[in-house]
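Dear colleague,

Please find below the structure that I am handing over to you. My notes on it follow directly after.

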Amino acid sequence: MKNYIKYLPFLALGVISCEPELDNPVDEVGFYSNGETDFSNYVALGNSLTAGYADAALYITGQENSYPNIMAQQFAKVQETQLFTQPLMNDNAGGLLLAGNQITDNRRVLAFGTDGTPAPKIYTGMQPSTDIVNVLAGPFNNMGVPGAKIFHLVASGYGDIVGVDPAVGTANPYFVRFATSPSTTILADAAAQNPTFFSVFIGNNDVLSFATSGGVGLDQTGNLDPSMYGPNDITDPQVFAQVYSTIVNTMVGTGADGVLVNLPDVTSIPFFTTIPNNALVLDAATAANLTGFFQAVAGIFAQGAIQQGLDPAVAQGLAAQYALTFNEGPNRFLIDVPVSQTNPLGFRQMTADELLVLTIDQGALAQGYGSVVLSPEVLQVLGILQTGGQPTPEQAQLVLDAVSGVDDKDALDKDELTAISTAQASYNATIKALAQANGLAFVDAKATLSEVANGGIPFDGGVLTSQFVQGGAFSLDGVHPTPRGYALVANTILDAINATYNSTVPKVNIGAYGTVTLSNDVQ
């Protein structure tokens with residue numbers, strides 16, 4: 001029996017609480033209740049978040065700390081339950097093999113470089129041994145499939161190894177490992193288990209892949225045919241609603257109760273909040289030189305435009321946008337934008353709310369990527385200009401070419417952020433409406449992640465925040481939670497379940513779960 005010391009004063013005084021305290025467990029028969037629902041056969045549907053993916057890979061330790069597995073262990077404290085089974089990987093390396101050939105990278109670990117600075121690196125301390133040709137005998141209660149979008153849950157053939165070939169691209173190697181047949185669907189395999197309780201946490205990838213690619217994808221709003229979508233596209237909200245409704249109706253049709261989880265704001269995760277877009281830190285002399293450089297750019301553009309016949313006033317007006325001013329201290333990077341009549345050179349300075357991705361080459365930023373890459377030849381041309389000389393057209397072009405805005409793949413601009421926000425709002429409206437219509441528990445994960453990102457959530461051992469590496473909530477890929485973060489997810493879902501079904505499933509102590517892993521067995 002585990003009775004925690006915080007209860008002792010209350011017990012000594014004979015105080016009887018109206019509600020049992022659920023933050024710390026008391027393993028005592030009859031202390032907790034399953035309320036008005038039945039947890040005896042729990043099945044979880046979802047993507048990488050449900051599978052326990054972390055550190056850019058799926059591996060045993062992560063799976064053991066998946067939120068469904070944590071919840072299943074807590075369900076077992078309120079009633080007799082079946083074993084919660086998961087399609088565990090073979091090892092903690094994290095990589096996947098296809099007929100002996102590695103097709104996904106190993107997980108990330110935190111390694112110290114030669115200068116003593118820690119950074120995420122690919123783990124090499126163990127060879128991966130999980131080969132997808134070895135199909136596991138199920139069924140499995142954790143049906144989370146990394147990479148799955150909403151429509152993949154109803155896609156026949158998503159577990160067919162033939163479709164793993166990138167040239168085919170219709171299958172998912174993780175589902176291949178445990179699909180009951182090549183032609184089945186994730187939803188069919190879940191429903192076939194006759195669950196008594198289910199959870200659905202799906203939809204992040206329908207917008208997340210667009211975001212993490214820096215918006216290198218299409219917003220497919222208005223296109224109702226997912227077979228035409230690319231891997232980084234935003235799913236049409238109507239498609240999302242139709243498929244989500246099918247999932248809920250199918251699972252409710254088995255007679256099960258359940259819980260639906262909405263989608264966090266994907267742009268609040270460390271993948272987008274770690275590298276600030278004003279990290280172009282300059283001393284006074286460098287700032288003055290950059291300002292002078294862009295005055296030169298504006299002058300060269302105006303002169304060229306006038307020579308090509310543009311009205312001088314119009315040319316000067318267009319050129320003014322390129323006469324950027326830089327100051328001592330932090331400055332925003334430049335970003336490439338489509339060339340247009342109003343922006344013929346195709347670059348501008350980033351705005352305050354635009355984001356850089358975690359995977360941007362920070363070494364390149366230090367060398368001028370996102371501002372200006374100066375070569376000796378460019379400096380020579382600048383010298384000509386400073387002395388009142390007239391550069392040749394070729395020399396003038398060298399100056400214009402030295403401008404190095406951040407590429408689309410490395411940033412989310414304001415239009416891309418709007419597309420992401422619009423899609424997520426629609427998805428979440430669908431999820432909440434379906435929960436209400438079917439009397440299911442509803443989890444506002446967006447609100448929880450917002451708390452994590454804005455000040456953090458306290459627990460016995462400290463405060464859980466979204467600060468990369470140090471915050472404790474997110475793993476080394478900047479997208480997926482750590483075990484501690486998954487414990488928070490489990491507690492948040494349990495809160496909603498208890499409120500809906502009058503159950504008293506105890507929550508877990510999130511401080512008892514780990515965060516990132518240190519190792520110097522790296523590439």
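The notes below cover a sheet, a helix pair and an aromatic pair.

This is a predicted model, in which local features need pLDDT of at least 70 and side-chain atom pairs count only at pLDDT 80 or more, while totals for chains, interfaces and linings use all residues. Residues are numbered from 1 along each chain as its sequence is written, and side-chain values use heavy atoms, with hydrogens and water left out.

Helices (H or I, at least four residues) and strands (E, at least two) are DSSP runs, numbered from the N terminus. An open sheet of 3 strands runs in the order β3-β2-β6 with mixed pairing; strands pair if DSSP finds at least two bridges between them. Its edge strands are β3 (101-102) and β6 (130-131). Strand β2 (residues 96-98) pairs with β6 in the parallel sense over 2 bridges, and L96 has T130 of β6 as its bridge partner.

Helices α10 (residues 284-307) and α11 (residues 312-320) pack at about 155 degrees, their axes 9 Å apart; axes are lines fitted to C-alpha atoms over the stretch in contact, and angles run from 0 to 180 degrees between N-to-C directions. The two helices are therefore roughly antiparallel (over 145 degrees). Contact (heavy atoms within 4.5 Å) involves residues including F301 of α10 and L318 of α11.

There are 21 aromatic pairs (ring centres of Phe, Tyr or Trp, its six-membered ring, within 6.5 Å). The rings of F39 and F197 have centres 5.0 Å apart and planes at 65 degrees, so this pair is edge-to-face (planes over 60 degrees apart).

Yours sincerely

How values were computed
Parallel < 35°, antiparallel > 145°, perpendicular 65-115°, else oblique. Phe/Tyr/Trp six-rings, centres within 6.5 Å; stacked < 30°, edge-to-face > 60°.
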